Amino acid sequence: MLIRVPKGWQIPEREATPESVYLERRRFLGRALGVAGLAAVGGTGCLQGALDPQARGFPAKLDAPRNSKFRPQRRITRYDIATGYNNFYEFSLDKQAVARLARDFKFRPWQVEVKGLVEKPLKFDVDDLIRRMKLEERVYRFRCVEAWSMVIPWVGFPMKQFIDWVKPTSRARFVRMVTFNRPSEAPGQRSQPHYPWPYFEGLTMEEATNELAMVVVGMYGRALPNQNGAPIRLIVPWKYGFKSIKSIVRFEFVRNRPPTFWNQAVPNEYGFVANVNPAVPHPRWSQASEQVVETGERIPTLPFNGYQDYVADLYS
Ligand code: MTE
């Protein structure tokens, strides 16, 4: 019998990732965490059964055609890394603890509110919105201000599609977005009362309607895992990751530039615009290069995270 073993390039990138997730998991954890981290992970076992995503409690499938216009020129990050190394301060400052601490948080049902300078204020269930919008998949580079990076296949819709639907008035100049505020369920909101909860972010209308700005409801062909900002988040790939607010409950269209969470918390380190820029160091570290989380490799950081052709003219 002839058994055809497909070459690496014959496997669609998205499929190549989740299936290898748990088989590769320990190798990744060993490398990324070092000895102390490995000890915390515990003993072996539990690789069996790990190959059945549904059995492992993976989020529901969310198929959407890939928009091949956006090619990050880099390998897609493995699913277990993208969903096991998270910044989500509502749960923890420990990136590897977020997934566990967010596991039981109720992300559905989920109401989203649209208010401010819009023709008609709205309140709707996130799943109604997902049914209404035309979903697509886009593989984007993702660069955190902490100088690490990944490449993620997001599922969602252009923010412009959403804005065209909610119809802000001509007076609107900014969109402000806000995350949930549930300290009794989100341990990070409880243990870090010095932060100005709930998390809030903002974009200019020009940024929000730029073709790259995406409202995201899934990744790797599945609904967003809790730790990645379920059930709805922003992705603006030319900006540092902190602009990409997770678990949004409100979009508000406003006239004046809104304050933002990190700018309010540490004003001398984080600004409103926050475009990826290798030439401008963070006050405490260089931004000239970034660490690829999956491999540990250091690569040069690109202006606008490589998306200058799409966005540079917004800032000229
Ligand atoms: N959104 C909320 N609500 N809370 C957060 O702590 N962290 C930000 C951003 N959005 C954050 C957030 C930061 S600093 C980064 S780098 C990204 O989410 C991380 O997204 P990821 O965990 O999906 O990689």
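A: Let's begin with a term: helices (H or I, at least four residues) and strands (E, at least two) are DSSP runs, numbered from the N terminus. This is a predicted model, in which local features need pLDDT of at least 70 and side-chain atom pairs count only at pLDDT 80 or more, while totals for chains, interfaces and linings use all residues. Residues are numbered from 1 along each chain as its sequence is written, and side-chain values use heavy atoms, with hydrogens and water left out.

Now to the loops. Ala274 sits in the loop between helix 8 (261–265) and strand 11 (289–292). Its phi is positive, about 55°, although Ala274 is not a glycine. With a relative accessibility of 13%, Ala274 counts as buried; that word means under 20% relative accessible area, whereas exposed means over 50% and partly exposed lies in between (1.4 Å probe, protein chains only). Phe304, in the loop between strand 12 (298–300) and helix 9 (308–311), is another residue other than glycine with a positive phi, near 55°. Phe304 is buried because its relative accessible area is 16%.

Two other loops hold cis peptide bonds. One runs from Arg108 to Pro109, with omega near -5°, and Pro109 belongs to the loop between helix 3 and strand 1 (111–116). The other joins Trp197 and Pro198, with omega about -10°; Pro198 is in the loop between helix 6 (187–191) and strand 6.

Helix 3 (residues 98–102) includes Ala102, which is buried at a relative accessible area of 0%. Leaving aside neighbours within four places in sequence, Ala102 is in contact (heavy atoms within 4.5 Å) with Phe91, Phe107, Asn226 and Gln227. Ala102 and Pro187 are 85 residues apart in sequence, with their C-alpha atoms 9.0 Å apart in space. Strand 6 (residues 200–204) contains Thr204, which is buried with a relative accessible area of 19%. Neighbours within four places aside, Thr204 is in contact with Arg173, Phe174 and Phe272.

What about the ligand? There are 16 residues around the ligand, and Asn86, Tyr89, Glu90, Arg233 and Lys246 come nearest; a residue is near a molecule if one of its heavy atoms lies within 4 Å of it. An oxygen atom of the ligand is 2.7 Å from a polar backbone atom of Tyr89, and a nitrogen atom of the ligand lies 3.1 Å from a polar side-chain atom of Thr179. The protein covers 97% of the 530 Å² of accessible area that the ligand has on its own, by the Shrake-Rupley method with a 1.4 Å probe; for residues, only the protein chains shown count as cover.

The protein has 9 helices and 12 strands, and buried residues make up 52% of its 316 residues. Of the contacts in the protein with a separation of 6 or more, 72% are between residues 24 or more positions apart. The protein's accessible surface comes to about 15,300 Å², with 53% belonging to carbon and sulfur atoms.

Definitions and conventions: Polar contact = N/O pair within 3.5 Å; in protein donor to acceptor, adjacent residues only side chain to side chain.
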